[in-house]
Amino acid sequence: MSTIDELPPLRTVIAEHDLVPRKQLGQNFLLDLNLTSKIARQAAPLEDCIVVEVGPGPGGLTRALLANGASRVVAAEKDPRCVPVLEDIAKRYPGRLEVRQMDALDLDVESIAEDRTLKIVANLPYNVGTQLLVNWLSVEAWPPRWQSLTLMFQKEVAERIVALPSSSHYGRLAVLAGCRTKARILFDIPRQAFTPPPKVTSAVVQLTPRDAPLPVSLAALEKVTLTAFGQRRKMLRQSLKPLGGEALLNAVGIDPQRRAETLSIEEFVAIANACKL
Ligand code: SAM
């Protein structure tokens, strides 16, 4: 079978290196080159920026990024078994792929940027995916160094990121993402495209920084949304009691009888700014 880069097919690489997928690392590998290229193209152009990839695994998406013109990819992978495979890819693209064997939660993305913009592209491990997203959204200086996030999540998580008020998926993630970015689902990826197939459908989401982010501390917004949506069926005067309840809501002109899922992102921001966390 021919490949996009004359490297051996992914299935051969995985077999030769005995890369048995590990559930605890969220290893569901995407071996379909059409799909990995489709994701890479969504993040294009890739020539003038640094691409950060989290969890390259055996390198399917990495190879697509490089074949689609990425001039520099920094890939953070926790599993040491994947490093030799990724180093073979680096040899095929001299000077363009840097492999870091590490936990991506410890990766300081902003410090990689140098004077170039960053794009983060990843088929994220499901167990740390939302935490990584919140970290990337939480940088103090805005706009961030990254220009876009093109990320694969479980579809249900993707829906929570892009959800609008008064919809069933609306919650903490939609508020955190929406106050700083514009987010949209690009396409779904069926379970069968992965090895091994995960339990649920996946979806690729793209987030780009808002020009005028709503001014608020993300830590405060996180606290308010966690508290409010922790009891999403209750009225806000009850669910937000630990933060000031009725008095707090009256101070920002929000009816204490409303429920969390009916509040706009702007209203959550007003509450977070008023309770001075
Ligand atoms: N990118 C590959 C693909 O699309 O086939 C693999 C994606 S797989 C869903 C997630 C990858 O993230 C695995 O390679 C796994 O080892 C890696 N991983 C899991 N936890 C990680 C962490 N905390 N930091 C860095 N990589 C991690």
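Biologist: Where is the place of P45?

Modeller: This is a predicted model. In it, P45 sits in the loop between α2 (33-43) and β2 (50-54).

Biologist: What is omega at the peptide bond from A44 to P45?

Modeller: Start with the general idea: most peptide bonds are trans. The bond from A44 to P45 is cis, with omega near 0 degrees. T195 and P196 are also joined by a cis peptide bond, and omega there is about -10 degrees. P196 belongs to the loop between β8 (194-195) and β9 (202-209).

Biologist: Is the phi of E6 positive or negative?

Modeller: As a rule, most residues other than glycine have a negative phi. E6 is not a glycine, yet its phi is positive, about 65 degrees. Look for E6 in the segment before α1 (10-16).

Biologist: How many helices and strands does the chain have?

Modeller: The chain has 12 helices and nine strands. Its radius of gyration is 20 Å, close to the 19 Å that the globule rule gives for 277 residues, so the chain is as compact as a globular protein of that length. For the extent along each principal axis, the C-alpha trace spans about 65 × 40 × 25 Å.

Biologist: Which residues does UniProt list for the domain?

Modeller: The unreviewed UniProt entry gives residues 35-211 as "domain: Ribosomal RNA adenine methylase transferase N-terminal". Over residues 35-211, 32% of the chain is helix and 28% is strand. The end C-alpha atoms of that stretch are 30 Å apart.

Biologist: Which residues come nearest to the ligand?

Modeller: There are 23 residues around the ligand, and G55, G57, A104, N123 and P125 come nearest. The elements that give two or more residues to this shell are β1 (29-30), α3 (60-67) and β3 (72-77). By residue class, the shell divides into 12 nonpolar, seven polar and four charged.

Biologist: At what angle do the axes of α9 and α12 cross?

Modeller: To read a helix pair, take the distance between the axes and then the angle. The axes of α9 (residues 218-230) and α12 (residues 265-274) come within 9 Å and cross at roughly 110 degrees. Angles of 65 to 115 degrees count as roughly perpendicular, so α9 is roughly perpendicular to α12.

Biologist: Which residues in α9 and α12 meet?

Modeller: From α9, the residues are A220, L221, V224 and T225; from α12, they are F268, V269, I271 and A272. The contact of α9 with α12 is made up of seven nonpolar residues, one polar and no charged.

Conventions
Residues numbered from 1 in each chain as written. Predicted model: local features only at pLDDT ≥ 70, side-chain atom pairs only at ≥ 80, totals over all residues. UniProt positions renumbered as here; feature names shortened; annotations may be inferred. Helix = DSSP H or I, 4+ residues; strand = E, 2+ residues; numbered from the N terminus. Near = placed C-beta within 6 Å. Nonpolar A, V, L, I, M, F, W, Y, C, P; charged D, E, K, R; others polar. Axes fitted to C-alpha atoms, helices over the stretch in contact; angles between N-to-C directions. Parallel < 35°, antiparallel > 145°, perpendicular 65-115°, else oblique. Contact = placed C-beta atoms within 7 Å. Rg over C-alpha atoms; globule rule 2.2 N^0.38 Å.
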